[in-house]
Amino acid sequence: MHPPRAATAGRTASPATARLINDRLALQLLQSDGPLTAGQLKSMTGLSRPTVADLVERLQQAGLIAVVGESGAQRRGPNARLYGIVADRAHLVGLDLRAHSVTVAVADLLGRVRAERTAPVPDEAPGTAVATALAAVDTALAAAGADRPHTVAVGAPGLVDPATGRLGGTDWIPTWHAAVVAELRARTAVPVLLENEVNLAALAEQREGAARDHDTFVLLWLGHGTGAAVVLDGTLRRGASGGAGEIGFLPVPGTGALPSATGCDGGFHSLAGSAAIAALAAEHGIEPSPGGAPGEALLRAALAAEHTGAAFLDALAARIALGAAAVCAVLDPGCVVLGGEIGRAGGEALAGRVADRLARLSPLRTAVRAGTVGGRAVLRGAVLAARDAAQNELFTPAG
């Protein structure tokens, strides 16, 4: 998030608009670099001392910032006061909906997680699943000491229609996912954001992970399913129907078939989905190590092996590079991040092999990196999305 620039006398902004711009700038600096003194805010914003004093007073009266300490043992008085955002002003809830589980995180206004809960969903009966998910939300809120959320963000597989905000597009999506979102909207009466899970993982990698130095990149999600998230010039691109990045349907050589409008068998999914990777591992004599998701366990076993493991990783990298090359030919992202359980477990050993193979397939220079956010990338992205939405409202104090 890039903070707005301070209003200057040479611009035509009204005094009220200038105050809003300056207040938001100060708040975003306090978020990224705080706590700060009034003198530090003056230096970082370029605003005058009286202007900074006025905005500090306004933000304190609005309950958005407070004195949180002093800036050194040798300094005392008003000039040494450290101001910080009142993080407990709002509580945010992020949900990661999977086929058989739900994970909930409750965070403060700065995005710091205060409580987290995971609940298994043993069947897809909508009533049972919805009750399980809502109970997990309530338990996490109570553990965080929060009465109610300010904003909720939900990550789920499938297409999210940009026009309606509804989930759909594929038949295999559990029906209880949409029911949970609908019930959250009805019960909480707060903003409930719904986003594709891979898009949220990309948000986490963009803000805190492997793509922090890239405004344009593609996240390839490699796990039980395959997908991609597209970020161009710092903005997530969802497509006309929310389907940008449905790379599982990409026709590629080597599958012996073609995908269809009703299924991605024969597409890139048939080369890089978990079932295909398990079959490839079996061909190379790789047995999964105990613990973790199946694909992750296979990658750990391959990395531990020597000759057979290297051959398997080379073959897998060649498959992944086919999908990456197609993406690069259309988007030229300059950076591809490998996410999901396969990308995470493969690490730099897999990313380096994909980069080498991709360089032979495409003339476009493209960095290939392993995701670094970890197994909670979707959940972390949900918290960050909720934080952005809450701050967009709260960081515009009445002027």
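**View 1. The largest nonpolar core of this predicted model.** Within this core of 43 residues, Ile-65, Phe-217 and Leu-219 touch the most other members. A nonpolar core here is a set of buried Ala, Val, Leu, Ile, Met, Phe, Trp, Tyr and Cys residues joined through side-chain atoms within 4.5 Å. Buried means under 20% relative accessible area, exposed over 50%, and partly exposed in between (1.4 Å probe, protein chains only). Two or more residues each come from helix H1 (15-33), helix H3 (49-61), strand E2 (81-85), H6, strand E10 (217-222), strand E11 (226-232), strand E13 (335-339) and helix H12 (377-394). H12 gives the most, with eight residues. Helices (H or I, at least four residues) and strands (E, at least two) are DSSP runs, numbered from the N terminus. In soluble globular proteins, nonpolar side chains tend to be buried together.

As the model is predicted, local features need pLDDT of at least 70 and side-chain atom pairs count only at pLDDT 80 or more, while totals for chains, interfaces and linings use all residues. Residues are numbered from 1 along each chain as its sequence is written, and side-chain values use heavy atoms, with hydrogens and water left out.

**View 2. Around Phe-217, and a second core.** Neighbours within four places in sequence aside, Phe-217 is in contact (heavy atoms within 4.5 Å) with Ala-202, Gln-206, Ala-211, Ala-229, Val-230, Val-231, Pro-333, Cys-335 and Val-337. A second, separate core has 38 residues, among them Leu-271, Ala-272, Leu-298 and Val-327.

**View 3. The open sheet E12-E11-E10-E13-E14.** Its five strands show mixed pairing, where two strands pair if DSSP finds at least two bridges between them. Strand E12 (235-237) and strand E14 (367-370) stand at the edges with a single partner strand each, so one side of each has no neighbour in the sheet. On average, neighbouring strands are turned by 25° against each other, direction ignored. E11 and E12 are antiparallel and pair over three bridges; Val-230 has Arg-237 of E12 as its bridge partner. Helix H10 (residues 307-331) packs on this sheet, where it touches E10, E11 and E13, and its direction makes about 155° with that of E10. Axes are lines fitted to C-alpha atoms, for helices over the stretch in contact, and angles run from 0 to 180 degrees between N-to-C directions.

**View 4. The open sheet E5-E4-E3-E6-E9.** Here, too, you will find five strands with mixed pairing. The twist averages 15° from one strand to the next. E3 (residues 92-97) runs parallel to E6 (residues 151-156), joined by five bridges, and Leu-95 has Val-154 of E6 as its bridge partner. Helix H4 (residues 126-143) packs on the sheet and touches E3, strand E4 (101-107) and E5, its direction making about 155° with that of E5.

**View 5. E9, helix H6 and Glu-197.** Five bridges join E6 to E9, and these strands run parallel; the partner of Gly-155 in E9 is Glu-195. Four of the five residues of E9 are buried, so the strand is largely enclosed by the rest of the structure. Helix H6 (residues 197-208) lies across E6 and E9, at about 95° to E9. Glu-197 belongs to helix H6. Is Glu-197 buried or exposed? Glu-197 is buried yet has no salt bridge, and the nearest side chain of opposite charge, Arg-98, is 4.2 Å away. A salt bridge requires a side-chain nitrogen of Lys or Arg within 4 Å of a carboxyl oxygen of Asp or Glu; Lys and Arg count as positive and Asp and Glu as negative, with His and the chain ends not counted. Leaving aside neighbours within four places in sequence, Glu-197 is in contact with Arg-98, Gly-155, Ala-156, Pro-157 and Val-378.
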